Amino acid sequence: MRLDGRRNSSNINDRRGVSGKTIGIGGGIVGVVIVAIVTLLGGGNIGDVLSNVMTQGGITTQQPANYTPDAEDERLADLASKVLAGTEDVWTEEFRRQGWGEYECPKMVLYTGSVNTACGQGSSQVGPFYCSADQTVYIDLDFFKTMDSTIGAGGDFTYAYVIAHEVGHHVQYLLGTLDAAHQKMNQVSQTEANQISVRLELQADFYAGVWANRDNAMFNSIEPGDVENAVNAASKIGDDYLQRKATGREQPESFNHGRSAQRVKWLQKGINTGDPNQGDTFSVPYSQL
């Protein structure tokens with residue numbers, strides 16, 4: 001992915017190395033879980049299913065002592081800042097183009113181990129996540145390294161896809177989709193709520209694809225192999241793939257992010273069309289997603 005010469009976002013809050021409480025395996029998000037946050041049963045972060053695989057394998061994340069970023073940490077921080085800036089440019093233009101009003105840019109917090117948020121205590125074990133209570137994306141950059149080493153999903157454009165997916169949830173929040181979906185989830189059975197979560201996740205994948213299309217049109221950012229890397233990542237973060245990897249079997253009723261084929265389909269649709277109006281995952285029959 002070409003990022004040379006690109007601006008950095010002014011909406012980054014770097015909290016790496018800041019001391020905080022650690023959360024044990026399976027802790028996830030601590031505190032009152034409201035519609036503002038996406039959790040294991042509430043839909044919204046691209047990393048939480050992957051965390052099941054990591055913790056099944058006995059991998060834990062603790063707050064690092066005397067954290068000192070190395071060269072790769074700093075490179076990834078710069079990448080995250082530039083990608084966030086790209087989402088700001090793309091979605092500001094798209095909101096204007098679509099007549100959706102003014103785009104309100106989200107914040108991004110970089111942290112290590114655990115972090116306090118307006119949605120409760122967050123842990124790196126659940127991967128990157130979006131909290132609408134403070135309109136902020138939270139990322140422990142070590143997740144990118146773990147993605148690469150654990151499931152073989154690496155590359156800068158893949159990491160950009162992860163960030164763009166979380167920003168996709170911010171777009172859903174601004175458009176009212178996120179709150180409406182969570183309100184509905186509170187009124188139905190767990191299986192039905194999981195299906196709504198899948199719809200949210202697939203739409204966020206689609207919005208990530210739209211961002212990629214429009215960012216490339218603006219900055220010629222996509223290089224050969226980038227899309228293939230992102231598609232490979234999408235195929236390895238599907239509920240079916242990760243459940244088989246973690247337990248050797250699938251539990252479709254518990255899916256809350258979508259099958260690999262579905263994640264690939266909606267990501268590619270966003271990349272191919274670049275049209276945010278073609279990502280309505282809520283009117284499609286569930287079996288046809």
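Guide: Here is a walk through the cavity, its lining and the helix packing. A word on the source: this is a predicted model, where local features need pLDDT of at least 70 and side-chain atom pairs count only at pLDDT 80 or more, while totals for chains, interfaces and linings use all residues. Residues are numbered from 1 along each chain as its sequence is written, and side-chain values use heavy atoms, with hydrogens and water left out.

The structure holds 1 cavity of 30 Å³ or more, and the largest cavity has a volume of about 40 Å³. A cavity here is a set of points, on a 1 Å grid over the protein atoms alone, where a 1.4 Å probe fits but cannot get out; lining residues have an atom within 4 Å of a point. Grid points are joined across faces, edges and corners, and the volume is the space filled by probe spheres set on the points.

The lining consists of Phe 157, Ala 160, Tyr 161, Ala 208, Gly 209, Trp 211, Ala 212, Ala 230, Leu 267 and Ile 271. By class, that gives 9 nonpolar, 1 polar and no charged; Ala, Val, Leu, Ile, Met, Phe, Trp, Tyr, Cys and Pro count as nonpolar, Asp, Glu, Lys and Arg as charged, and the others, Gly among them, as polar. At least two lining residues come from each of H4, helix H6 (190-219) and helix H9 (260-273), and H6 gives the most, with 4 residues. Helices are DSSP runs (H or I, at least four residues), numbered from the N terminus.

How do these helices meet? The axes of H4 and H6 come within 7 Å and cross at roughly 115 degrees; axes are lines fitted to C-alpha atoms over the stretch in contact, and angles run from 0 to 180 degrees between N-to-C directions. Sorted by class, the H4 and H6 contact has 12 nonpolar, 5 polar and 2 charged residues.

On to H9: H6 packs with H9 at an angle of about 35 degrees, their axes 6 Å apart. That contact includes Ala 208, Gly 209 and Ala 212 of H6, along with Leu 267 and Ile 271 of H9. Its residues divide into 9 nonpolar, 6 polar and 4 charged.

Definitions and conventions: On a 1 Å grid over the protein atoms alone, a cavity is a set of points where a 1.4 Å probe fits but cannot get out, and a pocket is an open set with protein on both sides within 12 Å along at least five of seven lines; lining residues have an atom within 4 Å of a point. Contact means heavy atoms within 4.5 Å.
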